[in-house]
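Here is a guided look at one model, section by section. Keep the viewer open as you read.

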Amino acid sequence: MKEILDAINAGDTAPDAFGSLALPTEYRAVTVHADETAMFEGVSTREKDPRRSLHLDSVPVPPLGPGEALVAVMASAINYNTVWTSIFEPVPTFAFLRKYGRLSSLTKRHDLPYHVIGSDLAGVVLRTGPGVNRWRPGDEVVAHCLSVELEDAAGHDDTMLDPEQRIWGFETNFGGLAELALVKTNQLMPKPAHLSWEEAACPGLVNSTAYRQLVSKNGAAMKQGDIVLVWGASGGLGSYATQYALNGGAIPVCVVSSPQKADICRAMGAELVVDRTAEGYRFWSDPSTQNPKEWQRFGARIRELTGGEDPDIVFEHPGRETFGASVYVARRGGTVVTCASTSGYLHEYDNRYLWMNLKRIIGSHFANYREAWEANRLVQKGRVHPTLSRTYALAEAGQAAFDVHRNLHQGKVGVLCLAPEEGLGVRDSALRERYRSAIERFRNV
Ligand SMILES: NC(=O)c1ccc[n+]([C@@H]2O[C@H](COP(=O)([O-])OP(=O)(O)OC[C@H]3O[C@@H](n4cnc5c(N)ncnc54)[C@H](OP(=O)(O)O)[C@@H]3O)[C@@H](O)[C@H]2O)c1
């Protein structure tokens, strides 16, 4: 592994030299264990502690298949799916691995008693499998997390519609929170040259998701002037949704839960911010009864900020706790676009507000390769910036996931894998310098 790291750090190692580097037989990886999936039985969701379930193990390097690449991972990031995996909710991810393993002799590799997790990476291609022409050893890359088989016609308009669509490192094995990762080469994209490894690793999953959800025609197809209500606007998804709204000439109304988070949104350029904690919204009077008066109070606050207008688009992901309010506050003819249910997936809303006011609910999930590529291109060009707040060592991935589970973080939380320290991997210093304050906006707040 040391030779690999030296070759990467040199910055000018030739592709052939990368291709002839000896591969180790084992690598260090963050895992969950199949024999521990019952460890949190009887424990509330909040008390389930990723620090207990995430392990740093030495695991064998998987064999490389056609259309795949083995990547040396310099840095990765925590996603909320890391949290779901580590608390074994809504189901242990081994169910996904077993199902994938039944598909073919090649996918059988994924069905193991341990799951190497992680759905983001920045690193360097070490080997490519048969049939790979576009990528070669030495390429500095980031990987998006869409894994597809594309044997079915259904996936050929929009690859997210492939019946065998999976999220790499969540529904497949050999993910990015590790020193090496196995990806399909149609997950690879160029690493933004002006970013360090940890900065480059953090946008991938959430940036692509926010792009599809808000900008793409497959999502809300946001346009100039739209009022966009962004829940969790300084969080993983929200920090990118806010940037897209601002870049696209829309008007974000950012919802956050503290004055520091409100300040970050303002620093990104948002002018309209709601601190949901300070204003004390209680959309539910008790666990089974919503309070429409609170929806109205929230809607009135939005109108106060916007000069009387309602949101054209509501960027939803908290789910059960907020969904009734989101449907209520969307404007007549407006769109609620949802990609998640952090607070519970059985949503309840008053359908009269939806149908009488001709509103729409759109389901959105990750992004196809093209959408992920377009989202990454904007990062490469310095139009969208990483929202990395802090990084952890690979051995501290449990603590990093704990922070995200407890909502103690801002923006994105990074993890150094092979990178020995922060700040390495910048190849275009001039471009970085131009955008440095925006790139570092979330650091240590
Ligand atoms: N379908 C997909 O492809 C996809 C992709 C990415 C993420 N997701 C899902 O989307 C969700 C959010 O992911 P993320 O990366 O943005 O997580 P995150 O970094 O934790 O940010 C989410 C933000 O939402 C806000 N929030 C949390 N619970 C809330 C509640 N009950 N009411 C109102 N606001 C609440 C919090 O902000 P404040 O406390 O400041 O309000 C939090 O910072 C997760 O469930 C994740 O699994 C889905």
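Two strands count as paired if DSSP finds at least two bridges between them. Helices (H or I, at least four residues) and strands (E, at least two) are DSSP runs, numbered from the N terminus. The model is predicted, so local features need pLDDT of at least 70 and side-chain atom pairs count only at pLDDT 80 or more, while totals for chains, interfaces and linings use all residues. Residues are numbered from 1 along each chain as its sequence is written, and side-chain values use heavy atoms, with hydrogens and water left out.

With that settled, look for the open sheet of three strands, ordered E2-E1-E4 with antiparallel pairing. Strand E2 (55–60) and strand E4 (114–116) are at its edges with a single partner strand each, so one side of each has no neighbour in the sheet. From one strand to the next, the twist averages 60°; axes are lines fitted to C-alpha atoms, for helices over the stretch in contact, and angles run from 0 to 180 degrees between N-to-C directions. Strand E1 (residues 26–33) is joined to E2 by six bridges, and tyrosine 27 stands opposite valine 59 in E2. Helix H5 (residues 94–101) lies across E1 and E4, at about 90° to E4.

## The six-stranded parallel sheet

A second open sheet has six strands in the order E13-E12-E11-E16-E17-E18, with parallel pairing. Its edge strands, E13 and E18, each pair on one side only, and the twist averages 20° from one strand to the next. Four bridges link E12 and E13, with valine 253 opposite leucine 272 in E13.

H10 lies across E11, E12 and E13, running at about 150° to E13. H11 packs on the sheet as well, touching E11, strand E16 (313–316), strand E17 (335–338) and E18, and its direction makes about 170° with that of E16.

## Helix H10 up close

Helix H10 (residues 292–306) has 15 residues and reaches 21 Å from first C-alpha to last, close to the 21 Å expected at 1.5 Å a residue. That expected span is 1.5 Å times one less than the number of residues. Which residues of H10 are buried? They are Glu294, Trp295, Phe298, Gly299, Arg301, Ile302 and Thr306, where buried means under 20% relative accessible area, exposed over 50%, and partly exposed in between (1.4 Å probe, protein chains only). Seen down the axis of H10, these buried residues fall within an arc of 155°, so they line one face of the helix; the arc is that of the directions from the helix axis to the C-beta atoms.

The face turned away from the buried side of H10 carries the exposed residues Lys293 and Glu304. Among the elements covering the buried residues are strand E12 (251–256), strand E13 (272–275), helix H11 (320–329) and helix H12 (351–356); contact here means heavy atoms within 4.5 Å. Just after H10, glycine 307 takes a positive phi of about 80°.

## Cysteines without disulfides

How many disulfides does a search of the whole structure find? It finds zero, a disulfide being a pair of cysteine sulfur atoms within 2.5 Å. The sulfur of cysteine 254 is 4.1 Å from the closest cysteine sulfur, in cysteine 265, which is too far for a bond. Cysteine 254 counts as buried, at 0% relative accessibility. Cysteine 339 is in no disulfide either, as the nearest cysteine sulfur, in cysteine 145, is 11 Å away.

## Loops to inspect

Histidine 194 is in the loop between strand E10 (188–190) and helix H6 (197–201) and is buried at 1% relative accessibility. Beyond its neighbours within four places in sequence, histidine 194 contacts residues including Val379, Gln380, Asp428 and Arg432. Threonine 159, in the loop between strand E7 (146–147) and strand E8 (166–167), is 208 residues from alanine 367 in sequence, yet 8.4 Å from it in space, C-alpha to C-alpha.

The peptide bond from glutamate 89 to proline 90 is cis, with omega near -10°, and proline 90 lies in the loop between helix H4 (80–86) and H5. Leucine 358 has a positive phi of about 50° although it is not a glycine, and is exposed, with a relative accessible area of 54%. Asparagine 407, also not a glycine, has a positive phi of about 60° and is partly exposed at 39%.
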